[in-house]
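Please keep the sequence and the structure at hand while reading.

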Amino acid sequence: MKRPQLIIAPGKEKAILRRHPWIFSGAVKRIVGEPQEGDLVDVVDARGQWLAAGHYQDESIICKVLSFDTPQIDDDFFRQRLASAIAYRQSLGFFDYLNPNCKISNSELTNVFRLVHAEGDYLPGLVCDWYNGILVMQAHSVGTHRLFPSFTKFFRDFFGDCLKAVFDKSGATVPGGSQDGYLWGIMPLEHEIVENGVKMLINFFEGQKTGFFIDQRENRKLVQELAFERRVLNCFGYTGGFSLAALQGGAQYVETVDISKKAIELCNRNVEMNFPGCSNHTGTVADVLQYIQTIKQTGSQAFDFIILDPPAFAKNHRTLQQGLKGYRAINQRAMEALPAGGLLMTFSCSQAVSKEDFQTMVFTAAMNAHRRVRIVRQLPHAMDHPVSIHHPEGEYLKGLLLQVE
């Protein structure tokens, strides 16, 4: 049966020819047929030339493109795309821990990573994360969510006994709603994973994103390397990933602050699991902006390493300026609280915030705080989160390691 078509207006096909995987409704002159949310559609130019095929959406991004090469979108197409994503992670050594002949030290063991990164793996609308044998899938389009039964079968074929369960975490991300839960296999409510030798408990039902912020793995490793004998304040600390890394690195004292009581409770359990009887960590339930204003800049109790990893303050371009205002406020407070020579690790996970926006915001915060600031290092997301060169928006995580004078 012939699929519905999106007819692109003359002159609006340039981004498609550059293989950008998003087609905006403003580029569409007319629609042939009556596509429903999640249906496959063909994209053609004004002369009827086929350009692409993808999933239809009833929103500003009207189509997420799956293929620029062939209109044939079937099981073999998706199986090959998933196999390519898996092969990429295998080439980077993420599955080595499953090989009994591969000797990995306890301090280096990591069994959690991103397996499919949407546009970065040429599967827009799909995120898959590997949690030591449990695969968590999250759809960001109805069309992708409809494919989950097939994807589950493919992954079971790929991984065999290494795969213990498949979990659907699309309740908050699929238009029209979905229910989180296991698609195959049943596991306990909490699941233990290891990252850089640190053990953590993951709750897929209650956790944010797919259960954990996997994209910060390499930045947490950097915290571990820098934390020795420092006093570390981990803001928006969630379940304590950065805090555990700091403790592992020999921090003198670590405090985790988050507004969620459940997150802090799980953080405290994670600390106890790795460092039984630990007396140099405190979990604090508080609003970060209010709490950080109480931090003093001088004295033996001053924090000399502050980590700011807030939620996305700017969900889209309509809220960009308000979001930047929020980022600027917390960064200014952190700079004011740090003693000379202190470190600030600061992030934005808002896709709407560009690198230039982020760095300008940090500059403004430094000026307002009357502090001299060095950029020590740029901090992107981890290498299991590849970015398609045709989709620069995929580089959503911006981070800077700063020294404040």
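Which residues in α5 meet which residues in α6? In this predicted model, N219, R220, V223 and Q224 in α5 meet G241, F242, A245, A246 and Q248 in α6. The residues of this contact divide into four nonpolar, four polar and one charged. Helix α5 covers residues 217-226 and packs against α6 at an angle of about 35°, with the two axes 7 Å apart, and the crossing of α5 past α6 is right-handed.

The buried residues are G241, F242, S243, L244, A245, A246 and L247. After α6 comes G250, whose phi is positive, near 90°.

A second pair of helices is formed by α2 (residues 75-91) and α4 (residues 148-159), which pack at an angle of about 50° with their axes 11 Å apart. The two helices are therefore oblique to each other, and their crossing is right-handed. On the side of α2 the contact is made by D75, F78, R79, L82, A83 and I86, while α4 contributes S150, F151, K153, F154, F155, D157, F158 and F159. The residues of this contact divide into nine nonpolar, one polar and four charged.

| Helix pair | Angle | Distance between axes |
|---|---|---|
| α2 and α4 | about 50° | 11 Å |
| α5 and α6 | about 35° | 7 Å |

L123 lies in the loop between β7 (112-117) and β8 (126-131). Is this residue buried or exposed? L123 is buried, because its relative accessible area is 2%. When residues up to four places away in sequence are not counted, L123 touches F78, R81, L82, V116 and A118, and F78 and L82 are also among the residues of α2 that make the contact with α4. L123 and A85 are 38 residues apart in sequence, and their C-alpha atoms are 9.4 Å apart in space.

H281 belongs to strand β16 (residues 281-285), and this histidine is buried, with a relative accessible area of 12%. What joins the side chains of H281 and T256? The two side chains are joined by a polar contact of 2.8 Å. Leaving aside residues up to four places away in sequence, H281 touches S243, L247, Y253, V254, T256, C267, N268 and V271.

The last topic is the backbone angle phi. Most residues other than glycine have a negative phi. N132, although not a glycine, has a positive phi of about 45°. This asparagine is found in the loop between β8 and β9 (134-139), where N132 is partly exposed, with a relative accessible area of 28%. F236 is likewise a residue other than glycine with a positive phi, near 55°, and F236 is found in the loop between β14 (231-235) and α6.

Note on methods:
Residues are numbered from 1 along each chain as its sequence is written. This is a predicted model: local features need pLDDT of at least 70, side-chain atom pairs count only at pLDDT 80 or more; totals for chains, interfaces and linings use all residues. Side-chain values use heavy atoms; hydrogens and water are left out. Axes are lines fitted to C-alpha atoms, for helices over the stretch in contact, and angles run from 0 to 180 degrees between N-to-C directions. Helices (H or I, at least four residues) and strands (E, at least two) are DSSP runs, numbered from the N terminus. Angles under 35 degrees count as roughly parallel, over 145 as roughly antiparallel, 65 to 115 as roughly perpendicular and the rest as oblique. A crossing is left-handed if the near helix is turned anticlockwise from the far one by less than a right angle, and right-handed if clockwise. Contact means heavy atoms within 4.5 Å. Ala, Val, Leu, Ile, Met, Phe, Trp, Tyr, Cys and Pro count as nonpolar, Asp, Glu, Lys and Arg as charged, and the others, Gly among them, as polar. Buried means under 20% relative accessible area, exposed over 50%, partly exposed in between (1.4 Å probe, protein chains only). A polar contact is a pair of N or O atoms within 3.5 Å; within protein, one must be able to donate a hydrogen and the other to accept it, and residues adjacent in sequence count only if both atoms are side-chain atoms.
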